[in-house]
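I wrote each entry as I looked the item up.

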Amino acid sequence: MRATISLIVLLAGLATGMGFLVHWLVGVIILVIVILGGLIIGWYLRQSNRGIRKFLTKLSQEVEQTQQEALLEMPIGVILLDDQNIIKWINPYMSQYFPVDGILVGRKLAMVDSELAKLVAKYRHDDTTKVVSWQARKFEFLVQDRVNAVYLTDITDYEAINERYQREQLFLGNIYLDNYAEIIQGMSDSAVSNLHNYVTSELMQWAKQHELLLKVVDDDNFLLIGHDYSLKQLESENFNVLDTIRKNTSQQNSPVTISMGISYGQSDLMKLAAMAQKNLDLALGRGGDQVVVRSESGQAQFYGGKTNPMEKRTRVRSRMISQALQDLMTQADQIFIMGHTAPDLDSVGATLGIRRLAEMNQHESWIVMNQAGYHSDIQRLMGELDNYQELKSRIITPEEALKRATDDSLLVMVDHSKPSLSISPALTERLANRLVIIDHHRRGEEFPANPLLVYIEAYASSTCELITEMFEYQPRESRGLAKIEATVMLAGIRIDTKSFSQNAGTRTFDAASYLRSAGADGELIQRLIKESPTNFMQRNHLIDTVEFWGDRFAVCVGQDDELYDPVLAAQAADMLLQVTGIEASFVIVRIDNETIAMSARALGEFNVQVVMEKLGGGGHHSKAAAQIKDQSVAEVKQALQAILMTPTETTDEVEETE
């Protein structure tokens, strides 16, 4: 506007000046016209400004009136407080939540409603909206500390809808009778029918009691569908139907164990079904007789798994795995075999066995191992392998393996299934889509995404036992196990079974017999497993630190400034089980500057696997371990004590809920 007026004045001045140059009379006329025009424009501008001011004043009054009416009438509760939490003002909507005849303004909020005052104090410095319960209703709650204002929006009806939506979300489960096929072998038709009818009837009754839909898919397979509120009830009961069916069928000498995989939190039924199957696979990989509940992005929850895994492996399955492994080897340009970090004789023996299987089928193979950090038994074995240069030349470092690996290579992981425990996690990642897993430990949550072949048998004594059975199905004309290979594999079985006193079944002795016939040397095994005086003294020192917790647990803790061999910790844990009344033993030691290792052993019903899983580890029902980073020995001990001894998370709960 100012620029326009300046332009008009300039033009008027130029016109007047030009007029006087032409003739004084013309200049006077133009000047009069300019003055009259200026007066008219000035009057018009004054009238316009007066109208605008009047309009803005009226608009401001209307806005202010509207704001006041909105503040008084809007369906949001507002309370204004002073610095002493005295009520300065409250809108009519908020007044309905207080007594009709009550005096509110001028009183302290705590005197009017102590519960509301506590909410204000709790969230005064929180700038985000919270959902709170007050006067048996749900509110969106916000405190603006800067202006001492409290806002409440009643969302009870919306929360009720949301809660109903959450309660009625679907979950989907797969139910599998772990050992049904093995149990009914040799049974009469009537006995099979009675057993199946009992199990089906028990499951149907259980499903009806919890408002679930149960559909029979096969003799040993069921589909389960239900709502979230039913799932929460099942979890609170720890899926006790597993115990009921196992107990009642055991009385008939036909103990049926059940595994379930349950998924939730997904509207896509295809994804829900896929996750339920993955959860069932996880339950079976952990030995069966348990339930795995997990959403797509959540952590797995385990229920059951209290009993030792029952033998379900058959000769047919061993033959099928052996044949599948041969086919995969045929499709690969080379095979890499790798055990876990800090390898023991079972891990090394398994790698030697797979390498021999590859050679029997004329495939090039490599054993991936670090060149240092071995325990004394593996160090002695490496010395023995100096006499077998052809075999030792097949052992390469992780760095060499990475250089040799191609997209057509095959990686066989033995005696472990967690990539983080591999000697070379980088090689595991490099061949993530070309993986075979052979293991006897219970499967954990950490597991490769796309393995080509998985052979996990949690009841087997050792990985060497599983691999030994495969030799029966190899080409007869091929060269069999060398003496050193058979010796190391038998040593692996012996170590993992504590000289055939634990976890040894008939198949274990069959495998041991085969290895002895292949030339396994018992005297060499004795030499391999001997320990040095230093290790002997260090282990005894560990045992001297034993503490007994609740007459059930024995716990040893090493010095925080001293490094220990994890094998010593495992040996100490085994020895502690010899004490009368001890159900489980735990040994905690530092193995490097960043890592604390814990070995756990158990007898009877106590499950040390679930205890170690709470600390980030895993293993077997009776033998497990964990490695914890960036903590002290005392902190790890305190964490173990919290799991075993805290009243809110007793060992009975560990046994039952897991």
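Entry 1. Which residue in β23 is the bridge partner of S599? I looked it up and found A625. I note that the model is a predicted one.

I then placed S599 itself: it belongs to strand β21, residues 595-602. Its relative accessibility is 8%, and since buried means under 20%, I log S599 as buried. I listed its contacts, leaving out residues up to four places away in sequence. They are P566, A569, A570, A573, S585, F586, V587, A624 and A625.

Entry 2. β21 pairs with strand β23 (residues 623-629) in the antiparallel sense, and I count seven bridges for the pair. The sheet is open and has six strands, in the order β18-β19-β20-β21-β23-β22. Its pairing is mixed. I marked β18 (547-549) and β22 (618-619) as the edge strands, each of which pairs on one side only. Helix α25 (residues 633-645) packs on this sheet and touches β18, β19 (553-557), β20 (584-590), β21 and β23. The direction of α25 makes about 160° with that of β20.

Entry 3. Next I took the helix pair α22 and α23. At what angle do the axes of α22 and α23 cross? For α22 (residues 533-544) and α23 (residues 566-576) I get roughly 50°, and the axes come within 9 Å. That angle makes α22 oblique to α23. The crossing of α22 past α23 is right-handed. On the α22 side I wrote down N535, Q538, R539, L542 and I543 as the contact residues. On the α23 side they are L568, A569, Q571, A572, M575 and L576. Sorted by class, the contact of α22 with α23 has seven nonpolar, three polar and one charged residues.

Entry 4. Helix α19 (residues 483-496) packs with helix α20 (residues 506-517) at about 155°, their axes being 9 Å apart. The two helices are therefore roughly antiparallel to each other. I record a left-handed crossing for α19 and α20. From α19 the contact uses A486, M489, L490 and I493, and from α20 it uses T508, A511, A512, L515 and R516. I sorted these as seven nonpolar, one polar and one charged.

Entry 5. I checked the loop between α19 and α20, where F500 sits. Phi of F500 is near 65°, a positive value in a residue other than glycine. I flagged it because most residues other than glycine have a negative phi. F500 has a relative accessible area of 25% and is partly exposed.

I located N238 in the loop between α9 (228-236) and α10 (241-250). Is N238 buried or exposed? At a relative accessible area of 18%, N238 is buried.

Entry 6. I turned to the five-stranded open sheet, with the order β2-β1-β5-β4-β3 and antiparallel pairing. The edge strands here are β2 (87-90) and β3 (130-134), and each pairs on one side only. Neighbouring strands are turned by 30° against each other on average, direction ignored. Between β3 and strand β4 (residues 137-144) I find five bridges in the antiparallel sense. W134 has R137 of β4 as its bridge partner. Helix α6 (residues 156-167) packs on the sheet and touches β3, β4 and β5, with its direction at about 120° to that of β4. Helix α5 (residues 114-123) lies across β1 (77-81), β3, β4 and β5 (149-154), and runs at about 160° to β3.

Entry 7. I finished with strand β9 (residues 258-264), in which six of the seven residues are buried. Strand β6 (residues 170-177) runs antiparallel to β9, and seven bridges join the two. I noted Y176 opposite S259 in β9. With strand β10 (residues 290-295), β9 pairs in the parallel sense over five bridges. For Y264 the bridge partner in β10 is S295.

Methods:
Residues are numbered from 1 along each chain as its sequence is written. This is a predicted model: local features need pLDDT of at least 70, side-chain atom pairs count only at pLDDT 80 or more; totals for chains, interfaces and linings use all residues. Side-chain values use heavy atoms; hydrogens and water are left out. Axes are lines fitted to C-alpha atoms, for helices over the stretch in contact, and angles run from 0 to 180 degrees between N-to-C directions. Helices (H or I, at least four residues) and strands (E, at least two) are DSSP runs, numbered from the N terminus. Angles under 35 degrees count as roughly parallel, over 145 as roughly antiparallel, 65 to 115 as roughly perpendicular and the rest as oblique. A crossing is left-handed if the near helix is turned anticlockwise from the far one by less than a right angle, and right-handed if clockwise. Contact means heavy atoms within 4.5 Å. Ala, Val, Leu, Ile, Met, Phe, Trp, Tyr, Cys and Pro count as nonpolar, Asp, Glu, Lys and Arg as charged, and the others, Gly among them, as polar. Two strands pair if DSSP finds at least two bridges between them. Buried means under 20% relative accessible area, exposed over 50%, partly exposed in between (1.4 Å probe, protein chains only).
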